[in-house]
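Subject: Handing over a structure, with notes on what was found

Dear colleague,

Please find the sequence and the structure below, followed by my notes.

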Amino acid sequence: MNPAAQPSTDTADSTPKLSAWEVMFKDATNAELKLAMAASGTILSLFTAGHMAGNMQVYLGRKHYNDYAEFLRTVGAPVLPRNSVLWVVRIGLLASATSHIMAGAELTLRAMRAERHTVQSTFQDLKLQLTGKQRRRPRGRRRSVPQIIARSMRSTGVVLGLFTAYHVADLTVGARPAASSKHRHGDAYGNLVASLSRPSVAFFYTASMAALAGHMIHGVRTAAMDAGFTTTQQRAQLIEAVAKLVGATVALGNVTIPVAVQAKVVR
Ligand code: HEM
């Protein structure tokens, strides 16, 4: 029999196979991904602002701070078992961080595809920039600080991810070498002081807060824009001021802690 006359089974086979990632995002528009980033970013920002406010209790002394840490574990008791509210918050944070990172990664891949970049060519460009082999922009065309902050969202996001992983290993899990050798479960104040007494760790916390400030300022501003809050010039100016105030306050509030420990104001 002439093979050309056989019924073709090609249609099913020639359909390009989509990866699990592509299947997950194939129906999502850019606007939907940006809204997902805005919503998850708002949850993470609210946590970070509340966490900073809670951290300020370190200035009220060991007993006060440890009572506060214990309160976070016993919220809802005796109706709810110990740590249950804490675990709900942890799961919510993990889900928000996961959707924030995944939506961000998909938007990055789409932007790269639109600009005809590949992951490889992007790394190549980055290498050229880091080794100084790529020419600097001419004077008149150098970027302003807000432009630099806006273009650094991916790198500041990576720094914050690394910071959070280290920070949880250090103060929550108490895993060495992230945690200090003096780490003792149940003494949140002592652990914080022992950890931040190490100059390199204090420096890492302080430097990470610069990334937090930039990421939060541009994140709050962009989330408000994507959610349609900046419809008038006045509103846009208000959002801009709120974003700067929130980002700077949260980062500076946090920075005072490693500085205070190093200066032995908190010990
Ligand atoms: C200098 C600044 C900071 C200090 C002093 C600090 C302090 C602490 C302490 C003491 C704990 C452990 C609480 C306990 O287990 O009793 C903790 C947990 C945590 N912190 Fe921070 N923090 C800082 C900044 C941040 C920032 C900027 C983020 C987010 C980007 C963050 C995210 C977390 C998370 C996710 C946990 C784990 C919560 C849990 O699962 O129990 N922290 N922090």
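In which helix does N254 lie? It lies in helix α11, which covers residues 233-262; helices here are DSSP runs of H or I with at least four residues, strands are DSSP runs of E with at least two, and both are numbered from the N terminus.

Before going further, please note that this is a predicted model, in which local features need pLDDT of at least 70 and side-chain atom pairs count only at pLDDT 80 or more, while totals for chains, interfaces and linings use all residues. Residues are numbered from 1 along each chain as its sequence is written.

The chain as a whole

Taken along the principal axes, the C-alpha atoms fill a box of roughly 85 × 55 × 45 Å.

Of the 267 residues in the protein chain, 20% are buried, where a residue is buried if 20 or more other C-beta atoms lie within 10 Å of its own, exposed if 12 or fewer, and partly exposed in between, with C-beta atoms placed from the backbone. Among the contacts with a separation of 6 or more, 68% are accounted for by residues 24 or more positions apart; two residues are in contact if their C-beta atoms, placed from the backbone, lie within 7 Å.

Leaving aside residues up to four places away in sequence, N254 touches M52, N55 and M209. The C-alpha atoms of N254 and M225, which are 29 residues apart along the chain, are separated by 27 Å.

L245, also found in helix α11, is exposed, since 12 other C-beta atoms lie within 10 Å. L245 and I217 are 28 residues apart in sequence, and their C-alpha atoms are 8.1 Å apart in space.

Two packed helices are described by the angle between their axes and the distance between the axes. The axes of helix α3 (residues 30-55) and α11 come within 9 Å and cross at roughly 35 degrees; axes are lines fitted to C-alpha atoms, for helices over the stretch in contact, and angles run from 0 to 180 degrees between N-to-C directions. The crossing of α3 and α11 is left-handed, a term used if the near helix is turned anticlockwise from the far one by less than a right angle, with right-handed used if clockwise.

In this contact, T48, A49, M52 and N55 of α3 meet V246, V250, G253, N254 and I257 of α11. By class, the contact of α3 with α11 has five nonpolar, four polar and no charged residues, where Ala, Val, Leu, Ile, Met, Phe, Trp, Tyr, Cys and Pro count as nonpolar, Asp, Glu, Lys and Arg as charged, and the others, Gly among them, as polar.

Helices α8 and α10

The axes of helix α8 (residues 153-173) and helix α10 (residues 199-226) come within 9 Å and cross at roughly 130 degrees. That angle makes α8 oblique to α10, given that angles under 35 degrees count as roughly parallel, over 145 as roughly antiparallel, 65 to 115 as roughly perpendicular and the rest as oblique. The crossing of α8 and α10 is left-handed.

Backbone details in the loops and at the end

The peptide bond from A77 to P78 is cis, with omega near 5 degrees, and P78 lies in the loop between α4 (62-74) and α5 (84-114). N83 lies in the loop between α4 and α5; its phi is near 75 degrees, a positive value in a residue other than glycine.

K264, in the segment after α11, has a positive phi of about 60 degrees although it is not a glycine, and K264 counts as exposed because it has 9 C-beta neighbours inside 10 Å.
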